[in-house]
Amino acid sequence: MAIIALVSAKGSPGVTTTALACTLSWHRRLVLAECDPAGGSVLAGYLGGVLDGPRGIGELAVGELRDGSLEATFWSQLVDLDAPRRERLLLPGVVDPAQAGSVAPLWRRFADFFGSLEKGQPGYDVIVDCGRLQVSGPPWPLLRAADVVLLVTRAQLPDLSGTRSMIRAIERDFTDHRVPQGTLRLLVVGDGHGKGEISKTLGVPVIARLPEDRRTAEVLSLGGTVRAGRPLMRAAGALEVPVRALLDRRRARLAWPVPVQGVPDAV
C-alpha cells in the first residue's frame, strides 16, 4: 500500500479513532500522519500528553519553509507508538491553530513526500487523518494523492445526508484534477442503514462497517490499554484486507496499457 486517507463530512464519526485503530492493528509498517487542519489529538489523548518537546507536522512545516529541511528532519518528528520497534509511527498534528497557516501551503509537498515513503528501506505506508472537509483550508492535495480515500460516516439518515453532498464535492474535485476513478470508498461506523442500501443510495461502495465500541473508542481517545480482541480493533484489523485488495485492483488497472487510437490491441 502507500497513502490511505481518512476523512469525514461533518460531525464526529471517529476519523482519528479509526485511523489510530488501523495503525495499531495492521501488519505493514505504518506512519499515522495527523493532517487535520483543526489540529491533532493523539498526543493529548491516547498518549496522555507525554512528549519530550515540540514535535510534529507543524515543526516540519516551519523547517521546510525556512530551509527546505523536510527530508532531513522528518524521522526525528515521529513518535513510536510501539517502541522500540519503529513499525507504528505517529506524525503529530498541529497543536496551535496558528500552525495551520504554516502547514496549509505545504499539503502538496507533504503528499509527494508521503508517497515516497513506500519505496524507502524499510518502506512505510501512510495513513493520513484528514479530519473533516468542512473546515477552513482542507488538505485537498493529500486526498488527490491518496491511493485510497475512505470517507467515514455513520449509518443514520442525518449523517448520510451530509455525506451525500461531500461525495459530490469530492467527485467534482477529483474530476477537475484527473484523479483516477475507484479511489473513493465509504467506511460506515455503527448501526443503521445496511451497506448495500447505503452504497446504492450514495453511489459509492461501502468497503466495510466498523462496530460501535465505546470502551475501545474511549481508550483510543483518552489513553489506556488497547485490547486486540475488542470488536473495534478486530474490525479495524480486518479492514486491511479489503483496502489492500482495492489498492491492488486499482494499481493493476492503472498499469494496463492505454490503446493508441487507430491501433488494435495486441493479442
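The lining of the largest cavity is made up of 3 nonpolar, 3 polar and 3 charged residues. Here Ala, Val, Leu, Ile, Met, Phe, Trp, Tyr, Cys and Pro count as nonpolar, Asp, Glu, Lys and Arg as charged, and the others, Gly among them, as polar. Before you start, note that this is a predicted model, where local features need pLDDT of at least 70 and side-chain atom pairs pLDDT 80 or more, while totals for chains, interfaces and linings use all residues. Residues are numbered from 1 along each chain as its sequence is written, and side-chain values use heavy atoms, leaving out hydrogens and water.

**Exercise 1.** Which residues line the largest cavity?

Step 1. Recall the term: on a 1 Å grid over the protein atoms alone, a cavity is a set of points where a 1.4 Å probe fits but cannot get out, and lining residues have an atom within 4 Å of a point.

Step 2. List the lining: Ala9, Lys10, Pro13, Val152, Thr153, Arg154, Asp159, Gly162 and Thr163.

Step 3. Find the elements that give two or more residues to this lining: strand E6 (148-154) and helix H7 (157-176). Helices (H or I, at least four residues) and strands (E, at least two) are DSSP runs, numbered from the N terminus.

**Exercise 2.** How are the rings of Phe110 and Phe114 arranged, stacked or tilted?

Step 1. Rings of Phe, Tyr and Trp (its six-membered ring) pair if their centres lie within 6.5 Å; planes under 30 degrees apart count as stacked, over 60 as edge-to-face and the rest as tilted.

Step 2. Place the residues: Phe110 and Phe114 are 4 residues apart in helix H5, so about one helical turn separates them.

Step 3. Check burial: Phe114 is buried because its relative accessibility is 1%, where buried means under 20% relative accessible area, exposed over 50% and partly exposed in between (1.4 Å probe, protein chains only). Phe110, at 2%, is buried too.

Step 4. With 6.0 Å centre to centre and 25° between the planes, Phe110 and Phe114 are stacked.

Note on methods: 1 Å grid on protein atoms, 1.4 Å probe; cavity = no way out; pocket = protein on both sides within 12 Å on 5 of 7 lines; lining within 4 Å.
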